[in-house]
Amino acid sequence: RIVGLVRMQPSTALLVRLAGLARPRHQVPTLSSARWFSSMGVHVPSDMEVSLGLAHKEGKVMHPDLLNENVLNAQYAVRGELYLRAEQLRKEGRSDLIFTNVGNPHALGAKPLTFTRQVLALCVAPFLLDRPDVGKIFPADAIARARKFLEAFKGGMGAYTDSRGNPLVRQDVANFITKRDGAPSNPEHVFITDGASVAVRMCLNAVIRNAADGILVPIPQYPLYSASIKLLGGSLIPYLLDESNNWALSIAELHRAVKEARGEGKHVRGLVFINPGNPTGQCLTKENLAELIKFCHDERIVLMADEVYQENIYQDERPFVSAKKTSYEMGEPYRSHTELLSFHTISKGTGGECGLRGGYVEMTNIHQGAIDEVYKCASINLCPNTVGQVCMSILVNPPQPGDESYELYNKERTTELASLRRRAHMVTDGFNAVEGVTCNFTEGAMYSFPKVTLPAKAIAAAKQMGKDPDVLYCLELLEATGISTVPGSGFGQKEGTFHLRTTILPREDVMAEFVSKFEKFHKQFLAKYA
């Protein structure tokens, strides 16, 4: 009778309900529902297989058709099609590749800061401290700092720490924030993580409850946010930055986005901003920050301040100002009631220690019960890596004037920042000198995000290939020049516009080569699709 019903009305809901009735009675618990119906001569459509509990396909449990839907839908353009093609070319022996797709300073020639690596060497190999000539190899302040770490990290670098990070490191971070902002910081509300990306995902995981929960994200955006929100089952609510006004952030645009989202039944829970911007490179003014803080306070939205590029500033008109400092100086009610999550990392700045993985989030005006729940979730991973923790401590507590290492440390930092400033001008000026390409100046961070006007034939060719037009452009740029970039469609962009993102990280001689190659390619591309 059941099989007869299914043959008459094979709906997913009916199949699922009847599967529960049929299996116990016919004693077929070893078969999936889909296979049981098939054995009874009932065809089960492929889109019903998962609903019916199909445990494997083609002999594999981890078959791509049976994975978490959010995993399948997540996209991360920074290491997407362009990156994979560049890697394939590298494996094939292509020698002229320039990887500008990701902000990875050391891979593009930047040198680590000497003091950081000296302290790390002593912490990771503490037997060096027992050598009678250690003082001839390492400066006294590096030796003293390493001994301090080893005393604080019980069991050394190979032992677990508190799941939020070692108390010494968290106190160093809190001291740094207090000194930078003139506002108190509680080390118990600081979480050290394996890079800022982990901190972002940890916080989004706590904020997002279901698909009705939305997070405001700037467009263009860093794909960490779109991918993480998708993985966690939330909704991304885009707000557009104004390219014609140096990628300015508009409060009117935020109000529009919130009104539209709430009209669709969404709960707007968080707002992300990136300062300095990625991929756009703009720096927010203090007035803009104050508007953001007031907006989030009034709308009851958690403000997520991505401030990982705070050291990377290439102009003097808009120095970096933190959201914490701004909210504190605004006074009440913003000082005590605006919920704020602030992120920083060792991966950017002049240190550029991407591979060592160290970051933090400071939680301001967050309910203690919520902090406790995040702590519980952090405990699942036991602890952040200890090398990243040491690097974070050194980032926020570097050598001071009078220390043996100060002069070298300061020289290395200022030299690299001056070079980055020159490269920011070099890249921006290079793009703006090319016909059909415009680029706002890279005020901060590590990227330029030029707009490229593409010929109609190129757009048509891309559509025939099933690709976004800027993907086609970037692929042809890679094949012709070896330059690996990221298409603007991977970050989001205003409809009808096309962009690409490139870092400004290649050394100055390579950057000059990059500009020359790009100009030559663009002329050839326009001629090809004229």
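Residues are numbered from 1 along each chain as its sequence is written. Because the model is predicted, local features need pLDDT of at least 70 and side-chain atom pairs count only at pLDDT 80 or more, while totals for chains, interfaces and linings use all residues, and side-chain values use heavy atoms, with hydrogens and water left out.

Two strands pair if DSSP finds at least two bridges between them. Strand β3 (residues 213–219) runs parallel to β5 and is joined to it by four bridges, with D213 opposite H267. Strand β6 (residues 302–306) also pairs with β5 in the parallel sense, over five bridges, and I274 has D306 as its bridge partner. Between β5 and β6 the chain passes through helix α13 (residues 286–299), and this β-α-β crossover is right-handed. That term applies if, with the strands pointing away from the viewer, the path from the first strand over the helix to the second runs clockwise.

The next strand to follow is β7. Four bridges link β6 with β7 in a parallel arrangement, and D306 is partnered there by F343. In β7 (residues 340–345), six of the six residues are buried. In a regular strand the side chains alternate between the two faces of the sheet. Accordingly, L340, S342 and H344 point one way from β7, while L341, F343 and T345 point the other way. Strand β8 (residues 359–364) pairs with β7 in the antiparallel sense over six bridges, and H344 stands opposite Y360.

Aromatic rings come next. The structure holds twelve aromatic pairs, counted for rings of Phe, Tyr and Trp (its six-membered ring) with centres within 6.5 Å; planes under 30 degrees apart count as stacked, over 60 as edge-to-face and the rest as tilted. The rings of Y309 and Y447 have centres 5.7 Å apart and planes at 85°, so this pair is edge-to-face. It links distant parts of the chain, 138 residues apart: Y309 lies in the loop between β6 and α14 (323–329), and Y447 in strand β10 (residues 447–448). Y309 is buried at 3% relative accessibility, and Y447 is buried at 2%. Another edge-to-face pair joins Y473 and F525, at 4.8 Å centre to centre and 75° between the planes. Y473 belongs to helix α20 (residues 469–481) and F525 to helix α21 (residues 508–528); both residues are buried. Ring pairs also link F431, Y473, F514, F518, F521, F525 and Y529 into a cluster.

Charges sit over two rings as well, with NZ of Lys or CZ of Arg within 6 Å of the ring centre and within 35 degrees of the ring normal. R335 lies over the face of Y328, at 3.9 Å from the ring centre, and R501 lies over the face of Y447, at 3.9 Å.

Lastly, nine of the eleven residues of helix α17 (residues 386–396) are buried, so this helix is largely enclosed by the rest of the structure. Among them are C391, M392 and I394.

Key. Helices (H or I, at least four residues) and strands (E, at least two) are DSSP runs, numbered from the N terminus. Buried means under 20% relative accessible area, exposed over 50%, partly exposed in between (1.4 Å probe, protein chains only).
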